[in-house]
Amino acid sequence: MPDPTDLAGTGGRRRLVVTDVDSTFLTGEVIELIADHAGAREAVAAVTERAMRGELDFAESLRERVATLAGVPVTALDAVRDAVVLTPGAAELVAEVRRRGWEFGLVSGGFAEVLEPLAASLGITRWRANRLEAVDGVLTGRTVGPVVDRAVKEATLRGWAADLGLSMADTVAVGDGANDLDMIGAAGVGIAFAAKPLVRAQAPYSVDGPRLDEVLRVVDEVDAG
């Protein structure tokens, strides 16, 4: 983690830092925690792993996994929210980005029902995720609205940068799975974090972890030229 009194490496430039959520900002996959309540964790985890390795289309894999959640009470999401764990250095990353006067966002192939309160607890207002459909207090096994796949993640990064008046050269994107590759490739600084081999091979930069705030060292090295 950079010395909080040291502004070296920022070069006075303003940046937008966007990270994936599941297995990047959080230590695990939220959909697997929900699947616990449907007795489908092992099946869902196997599909998730294949999708993150790039072996399955993300949108189709999401539909397949979410279908297993049909009948889970919405109240089960309270337990899931309590069970999520921040990756070491995640909160520190947000704090340091803010200290530098930069912008931060989260973009997730996971679910708003879990991400929204998590983001609010950290003061993060810029986020995007899928939303689960529920009827009469139970999940239907479907999502509502467009699926946040790799193309949507990239479009979200580009849209936020434009809204902030930043060029793509000023963006940083961090993720671990194939669903993150488009935004990693589009960003000025694209970083694979504790990533699958496919992502590590294609990303311009890589951080093994375990601390998420280590990505700032990569950014500072880039800015130092």
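This note goes through the predicted model point by point.

1. Basis and confidence. The structure is a predicted model, in which local features need pLDDT of at least 70 and side-chain atom pairs count only at pLDDT 80 or more, while totals for chains, interfaces and linings use all residues. Residues are numbered from 1 along each chain as its sequence is written, and side-chain values use heavy atoms, with hydrogens and water left out. The average pLDDT (the predictor's confidence in each residue, from 0 to 100) is 93, and 95% of the residues score at least 70.

2. Over residues 1-9 the pLDDT stays under 50. For this stretch the model has 18 contacts beyond four places in sequence, a contact being heavy atoms within 4.5 Å. Where pLDDT is low, the predicted coordinates should not be read in detail.

3. Helices α3 and α4. Helices (H or I, at least four residues) and strands (E, at least two) are DSSP runs numbered from the N terminus. The axes of α3 (residues 41-52) and α4 (residues 58-67) come within 10 Å and cross at roughly 175°. That makes α3 roughly antiparallel to α4; angles over 145 degrees count as roughly antiparallel. Axes here are lines fitted to C-alpha atoms, for helices over the stretch in contact, with angles from 0 to 180 degrees between N-to-C directions.

4. Residues between α3 and α4. From α3, Val-44, Val-47, Thr-48, Ala-51 and Met-52 meet Phe-58, Ser-61, Glu-64 and Arg-65 of α4. By class, this contact has five nonpolar, two polar and two charged residues (Ala, Val, Leu, Ile, Met, Phe, Trp, Tyr, Cys and Pro count as nonpolar, Asp, Glu, Lys and Arg as charged, the others, Gly among them, as polar). Ser-61 is buried, with a relative accessible area of 2%; buried means under 20%, exposed over 50% and partly exposed in between, with a 1.4 Å probe and protein chains only. Not counting residues up to four places away in sequence, Ser-61 touches Val-47, Ala-51 and Leu-56.

5. The aromatic pair. A search of the whole structure finds one such pair. Phe-25 and Phe-104 are 5.9 Å apart centre to centre, with 45° between the planes, and the pair is tilted. Rings of Phe, Tyr and Trp (its six-membered ring) pair if their centres lie within 6.5 Å; planes under 30 degrees apart count as stacked, over 60 as edge-to-face and the rest as tilted. Phe-25 lies in helix α1 (residues 21-25) and Phe-104 in strand β2 (residues 103-111), so the pair ties together parts that are 79 residues apart in sequence. Phe-25 is buried at 0% relative accessible area, and Phe-104 is buried at 8%.

6. Helix α7. In α7 (residues 112-121), the buried residues are Ala-112, Glu-113, Val-114, Leu-115, Leu-118 and Ala-119. They pack against α1, α2 (30-36), α5 (76-83), β2 and β3 (127-135). Gly-123, with a positive phi near 70°, follows α7.

7. Backbone points to check. Most residues other than glycine have a negative phi, and most peptide bonds are trans. Ser-23, in helix α1, has a positive phi of about 65°. Ala-194 has a positive phi of about 40° and is placed in the loop between β6 (189-193) and α10 (197-202); at 36% relative accessibility, Ala-194 counts as partly exposed. A cis peptide bond joins Gly-209 and Pro-210, with omega about 10°. Pro-210 is in the loop between β7 (205-207) and α11 (215-224).

Conventions. Parallel < 35°, antiparallel > 145°, perpendicular 65-115°, else oblique.
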